[in-house]
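Me: I would like to learn how to read the features of a protein model. Could we go through one together, term by term?

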Amino acid sequence: MTDLVSPQLSVIVPSFNERGNVAALVAKLDAALKGIAWEVIYVDDNSPDGTWKAVKQIAAADPRVRCLRRVGRRGLSGACIEGILASSAPYAAVIDADLQHDETKLADMLSALREDRADLVIGSRYIGGGSADSFDRARMGISLAATQIAKKLLRIEASDPMSGFFMVRRDRFEGLAPKLSVHGFKILLDVLATAKGTLRVVEVPYVFGSRVHGESKLDSMVALDFLGLVLAKLTGDLVSLRFLLFASVGALGLIVHLVALYFFLNAIGLDFGRAQASAALTAMTSNFFLNNFLTYRDQRLKGFAFVRGLLLFYFVCSVGLLANVGVAFSVYDNEPVWWLAGIAGAVMGAVWNYAMSGLLVWKRR
Ligand code: GDD
Ligand code: MN
């Protein structure tokens with residue numbers, strides 16, 4: 001068994017519906033990494049197109065190829081983290097499955113780490129020699145703006161912290177891993193923000209290519225993920241974007257409630273008690289839709305789970321209202337200041353609704 005060598009480099013490939021790109025990428029890695037002991041680990045989120053089957057088929061004949069098939073989970077950052085942590089090689093790279101990143105840069109990136117010139121090497125579109133020509137102008141603008149915001153707010157110096165192409169010393173990554181977020185897309189930004197300048201970074205330029213097979217999975221919600229990450233890192237993981245979204249939906253619910261109340265009283269002619277109850281039901285329903293669409297977009301409920309979630313949400317909010325009124329009364333008893341009591345009650349209700357919704361309605365499966 002002397003010809004068995006442990007890999008020096010693990011190449012982690014997050015994949016979702018990339019079947020048509022698997023064989024080509026493995027062949028390209030083989031050509032680009034001659035003379036290096038490497039392995040490739042696909043982390044596939046149970047792609048409906050059977051990407052994982054394509055990988056495992058190649059893996060059956062090539063021991064350098066592995067596939068981590070994840071079921072019941074989705075997410076680019078989480079996939080990259082699990083892939084890196086599943087390897088034991090001293091160096092790990094992350095590269096997209098769709099051939100848009102330039103695998104011929106991997107050897108240079110590895111040299112920088114091996115020669116101990118860096119702990120992290122970033123494939124950058126925004127330094128001399130790099131580019132993102134395949135981006136349309138809108139996406140280019142958004143990407144550059146987000147990069148500037150991230151650099152200013154989080155004090156990041158790298159020119160392309162949103163890159164999905166990088167290589168890292170595994171020991172340094174293992175140290176950061178417990179603090180990284182598995183949600184969202186911006187794994188490198190998270191690594192840089194969490195490391196707080198303790199990593200030596202080198203950037204290697206590359207040209208972001210265009211996709212041949214399949215389609216991009218990044219939609220407009222990526223902007224929300226980005227904001228969430230910046231917010232969490234700025235506040236030391238204290239304020240979550242989820243809570244802010246949930247609270248905003250709640251505030252909007254108040255407006256919905258008043259409009260509905262007006263409608264039920266004046267247009268339908270219900271008595272006040274019925275109109276108020278109907279308005280509350282309307283507001284809860286619209287809050288549920290909005291939260292399911294926005295706040296918990298990564299765990300969106302569908303079909304039977306949607307109906308069940310809606311009923312549970314009514315229940316949670318009703319108890320939340322009792323908590324709200326209860327707290328408001330007890331504050332008012334001690335300190336008869338109407339707005340203070342009102343705010344205390346509303347905060348109690350919001351926190352209760354948020355905590356219980358996360359526990360009962362949109363619980364992680
Ligand atoms: N396992 C897993 N789970 N993989 C995913 C998921 C997921 O939920 N979503 C996307 N991927 C995989 C895709 O299959 C692809 O290999 C890679 O992650 C990037 O997804 P794309 O949908 O192709 O993203 P993009 O091309 O628009 O943007 C990429 O390149 C940018 C520039 O480097 C991403 O890597 C961005 O983060 C990056 O900024
Ligand atoms: Mn892509």
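Reply: We start with burial. Residues count as buried under 20% relative accessible area, as exposed over 50%, and as partly exposed in between, with a 1.4 Å probe and protein chains only. Arg-297 has 17% relative accessibility, so Arg-297 counts as buried. This is a predicted model: local features need pLDDT of at least 70, side-chain atom pairs count only at pLDDT 80 or more, and totals for chains, interfaces and linings use all residues. Residues are numbered from 1 along each chain as its sequence is written, chains are lettered from A and ligands numbered from 1 in the order in which they are written, and side-chain values use heavy atoms, with hydrogens and water left out.

Me: Where does Arg-297 lie? And which backbone oxygen does the side chain of Arg-297 reach?

Reply: Helices (H or I, at least four residues) and strands (E, at least two) are DSSP runs, numbered from the N terminus. Arg-297 sits in the loop between helix 10 (272–295) and helix 11 (303–334). A polar contact is a pair of N or O atoms within 3.5 Å; within protein, one must be able to donate a hydrogen and the other to accept it, and residues adjacent in sequence count only if both atoms are side-chain atoms. Here the side chain of Arg-297 reaches the backbone oxygen of Leu-294 at 3.1 Å.

Me: How do I read the surroundings of a ligand? Which residues come nearest to ligand 1?

Reply: A residue is near a molecule or strand if one of its heavy atoms lies within 4 Å of it. Around ligand 1 there are 27 residues, of which Glu-18, Asp-45, Arg-74, Met-162 and Lys-217 come nearest. For classes, Ala, Val, Leu, Ile, Met, Phe, Trp, Tyr, Cys and Pro count as nonpolar, Asp, Glu, Lys and Arg as charged, and the others, Gly among them, as polar. The shell around ligand 1 has ten nonpolar, seven polar and ten charged residues. Strand 1 (9–15) and helix 3 (76–85) each supply at least two residues of that shell.

Me: Which atoms lie close to the oxygen atoms of ligand 1?

Reply: An N or O atom in the side chain of Glu-18 is 2.5 Å from an oxygen atom of ligand 1. A polar backbone atom of Met-162 is also 2.5 Å from an oxygen atom of ligand 1. For Phe-16, a backbone N or O atom lies 2.9 Å from an oxygen atom of the ligand. Taken alone, ligand 1 exposes 740 Å², and the protein buries 98% of that.

Me: What is a salt bridge, and how many does a search of the whole structure find?

Reply: A salt bridge is a side-chain nitrogen of Lys or Arg within 4 Å of a carboxyl oxygen of Asp or Glu. The search finds 20 salt bridges. One of them joins the side chains of Asp-45 and Arg-70, at 2.7 Å from N to O. Asp-45 lies in the loop between strand 2 (38–44) and helix 2 (51–59) and Arg-70 in the loop between strand 3 (65–69) and helix 3, so the pair ties together parts that are 25 residues apart in sequence. Both Asp-45 and Arg-70 are buried.

Me: Are the partners Glu-82 and Arg-73 buried or partly exposed?

Reply: Glu-82 forms a salt bridge with Arg-73, with the closest N and O atoms 2.4 Å apart. Glu-82 is partly exposed, with a relative accessible area of 26%. Arg-73 counts as partly exposed at 41% relative accessibility.

Me: What about Arg-200 and Asp-119?

Reply: Arg-200 and Asp-119 form a salt bridge whose closest N and O atoms are 3.0 Å apart. Arg-200 is partly exposed, with a relative accessible area of 34%, whereas Asp-119 counts as buried at 4% relative accessibility. Salt bridges that share partners join Asp-116, Asp-119, Arg-169, Asp-171, Arg-172 and Arg-200 into one network.

Me: How do I read the backbone angle phi?

Reply: Most residues other than glycine have a negative phi. Asp-116 has a positive phi of about 60 degrees although it is not a glycine. Asp-116 lies in the loop between helix 4 and strand 5. Asn-46 is not a glycine either, and has a positive phi of about 50 degrees. Asn-46 lies in the loop between strand 2 and helix 2.

Technical notes
Areas by Shrake-Rupley, 256 points an atom, 1.4 Å probe, with all protein chains shown as cover.
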